[in-house]
Amino acid sequence: MRALSALDRLVAELAAHPPVAVHDPGRAQAAVAMLLAPDPDRLLFIRRADRVGDPWSGHLALPGGRRDPVDTDLRATAIRETAEEIGVALVPTMYRATLDDQGPITPVLPPILVRPFLFEVGQLHTFTLSDEVTLVAWVELARLSAPGTYRDSTLSVQGTSRVVQGYHLDEGLLWGMTERIVTPILRRWQTLRGT
């Protein structure tokens, strides 16, 4: 019997942790899918297309979006949005955990609550991108953890210069709400891996 990997232990811990839900009827609901794969441990990101009026235009992100009336729950939202955005059909056996609700921490962004859902998938090679997505990239957790990858950047956000923390990747800067979702998961993976 093989020993459990850091990814196996991380997924088990996250599955055992009841998510913290924020109940705020004044905010729209949305969901994102964290697609993890082993050997090497990696996470899937997308780059959102540049779109006028979209505050997350051009950002690296996780697949996902706002809840639709047809969605039975937010996990269904994450599954539907992943299929629509990148053509990946998630199935119930891939679902592993529900994570804590997140929301923007600045008043210039829309009032929204985002619930992340963790799915463990095998090797995915084929994607069908919607017009909302310009890139799909697997990023190894070891690469996210590499010295110097996570650091400050100065960005212009709606005409205002801001210093933000994020992951500097070849695909772009991973920051904002996605960074806040990914960072605690990555830190726990590093601890379990012993790095």
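Predicted model: local features only at pLDDT ≥ 70, side-chain atom pairs only at ≥ 80, totals over all residues.
**The cavity**

A search of the whole structure finds one cavity of 30 Å³ or more. The volume of the largest cavity is about 40 Å³. Its lining consists of Met-34, Leu-43, Leu-141, Leu-144, Val-182, Ile-185, Leu-186 and Trp-189. By residue class, this lining holds eight nonpolar residues, with no polar and no charged ones. Two helices, H3 (141-145) and H4 (176-193), each provide at least two of the lining residues. The greatest contribution comes from H4, which gives four residues.

**The sheet**

Strands S8, S9 and S10 form an open sheet, arranged in the order S8-S9-S10 with antiparallel pairing. At the edges stand S8 (150-157) and S10 (172-175), each of which pairs on one side only. From one strand to the next, the twist averages 60 degrees. The table lists the residue ranges of the three strands.

| Strand | Residues |
|---|---|
| S8 | 150-157 |
| S9 | 160-169 |
| S10 | 172-175 |

S9 and S10 run antiparallel and are joined by four bridges. Within this pair of strands, His-168 has Leu-173 of S10 as its bridge partner.

Which helix lies across S8, S9 and S10? Helix H4 does, and it runs at about 75 degrees to S10. H4 is also the helix that gives the most residues to the lining of the largest cavity.

Definitions and conventions:
Residues numbered from 1 in each chain as written. Heavy atoms only, no water. 1 Å grid on protein atoms, 1.4 Å probe; cavity = no way out; pocket = protein on both sides within 12 Å on 5 of 7 lines; lining within 4 Å. Points joined across faces, edges and corners; volume = space filled by probe spheres on them. Nonpolar A, V, L, I, M, F, W, Y, C, P; charged D, E, K, R; others polar. Pairing = 2+ DSSP bridges. Axes fitted to C-alpha atoms, helices over the stretch in contact; angles between N-to-C directions. Contact = heavy atoms within 4.5 Å.
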